[in-house]
Amino acid sequence: MTQQNEVQHKIRVLIAKPGLDGHDRGAKVVTRGLRDAGMEVIYTGLHQTPEMIVEAALQEDVDAIGLSILSGAHTVLFPRVMKLLNENNMEDVLVFAGGIIPPEEVEEIKKLGIQAVFGPGTTIEETANFIRKNVRPTASAATGSEKR
């Protein structure tokens, strides 16, 4: 029996904490959970500027970015992140958000290009399934070669 030499692209996700929000337990839980779900996850740590987040996403060649926020500053920080992604030709990167975001603000956030907003009670399985279904395939994934 011969074994086929298939190299599967591992989804790369950046989890970021924009702004001055100092609470990152949820982001760490999501980071670990997505790793356990088979993804390669980079956690940026606390107090990241939109510029730092986009630069890390660019350098790490990620497929998705998860923005975790509890501070209420999403109305200022999320538009800046999305603008910088567009300026860096990274429109193909899937962006999702989590944390404490008032339900009445979710539609405005989605209009920015953020594909989903996950609140308290969202399971890791729901998040992982969303990423798998919505991350855009890359040319390297289609050919079976490693991305990077």
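A nonpolar core is a set of buried Ala, Val, Leu, Ile, Met, Phe, Trp, Tyr and Cys residues joined through side-chain atoms within 4.5 Å. The views below come from a predicted model.

**View 1. The largest nonpolar core has 24 residues.** Five of its residues touch the most other members: Ile65, Leu67, Phe78, Leu85 and Ile114. Three strands, E1, E3 and E4, each give this core at least two residues. So do three helices: H2 (50-60), H3 (74-87) and H4 (106-111). H3 supplies the largest share, six residues.

View 2. The elements follow the order β-α-β-α-β-α-β-α-β-α-α, starting at the N terminus. The protein has 148 residues, and 43% of them count as buried.

**View 3. Strands E1 and E2 run parallel.** E1 covers residues 12-16, and E2 covers residues 40-43. Four bridges join the two strands. In one of these pairings, Val13 has Val41 of E2 as its bridge partner. Between the two strands the chain passes through H1. This β-α-β crossover from E1 to E2 is right-handed.

**View 4. The largest pocket holds about 390 Å³ of space.** Its lining is made up of 25 residues. Gly26, Val30, Gly98, Gly99 and Phe118 lie nearest the centre of the pocket. By type, the lining divides into 12 nonpolar, 11 polar and two charged residues.

**View 5. Helices and strands both contribute to the lining of the largest pocket.** At least two lining residues come from each of helix H1 (25-36), strand E3 (64-69), strand E4 (94-99) and helix H5 (124-134). H1 gives the most, with five residues.

**View 6. Ile65 sits in strand E3.** The relative accessible area of Ile65 is 0%, so this residue is buried. In the largest nonpolar core, Ile65 is among the residues that touch the most other members. Ala97 lies 32 residues away from Ile65 along the chain. The C-alpha atoms of Ile65 and Ala97 are separated by 8.2 Å.

**View 7. Asp63 is a buried residue in a loop.** The loop in question lies between H2 and E3. Asp63 has 4% relative accessibility, and therefore counts as buried. The cut-off for buried is under 20% relative accessible area. Asp63 and Ile131 are 68 residues apart along the chain. Their C-alpha atoms are separated by 9.2 Å.

**View 8. Asp61 has a positive phi.** Most residues other than glycine have a negative phi. Asp61 is not a glycine, yet its phi is about 55°. Its place is the loop between H2 and E3. Is Asp61 buried, exposed or partly exposed? Asp61 counts as partly exposed because its relative accessibility is 30%. Partly exposed residues fall between the cut-offs of under 20% for buried and over 50% for exposed.

**View 9. Asn89 also has a positive phi without being a glycine.** The phi of Asn89 is about 55°. Which loop holds Asn89? Asn89 lies in the loop between H3 and E4. With a relative accessibility of 63%, Asn89 counts as exposed.

Methods
Residues are numbered from 1 along each chain as its sequence is written. This is a predicted model: local features need pLDDT of at least 70, side-chain atom pairs count only at pLDDT 80 or more; totals for chains, interfaces and linings use all residues. Side-chain values use heavy atoms; hydrogens and water are left out. On a 1 Å grid over the protein atoms alone, a cavity is a set of points where a 1.4 Å probe fits but cannot get out, and a pocket is an open set with protein on both sides within 12 Å along at least five of seven lines; lining residues have an atom within 4 Å of a point. Grid points are joined across faces, edges and corners, and a volume is the space filled by probe spheres set on the points. Ala, Val, Leu, Ile, Met, Phe, Trp, Tyr, Cys and Pro count as nonpolar, Asp, Glu, Lys and Arg as charged, and the others, Gly among them, as polar. Two strands pair if DSSP finds at least two bridges between them. A crossover is right-handed if, with the strands pointing away from the viewer, the path from the first strand over the helix to the second runs clockwise. Buried means under 20% relative accessible area, exposed over 50%, partly exposed in between (1.4 Å probe, protein chains only).
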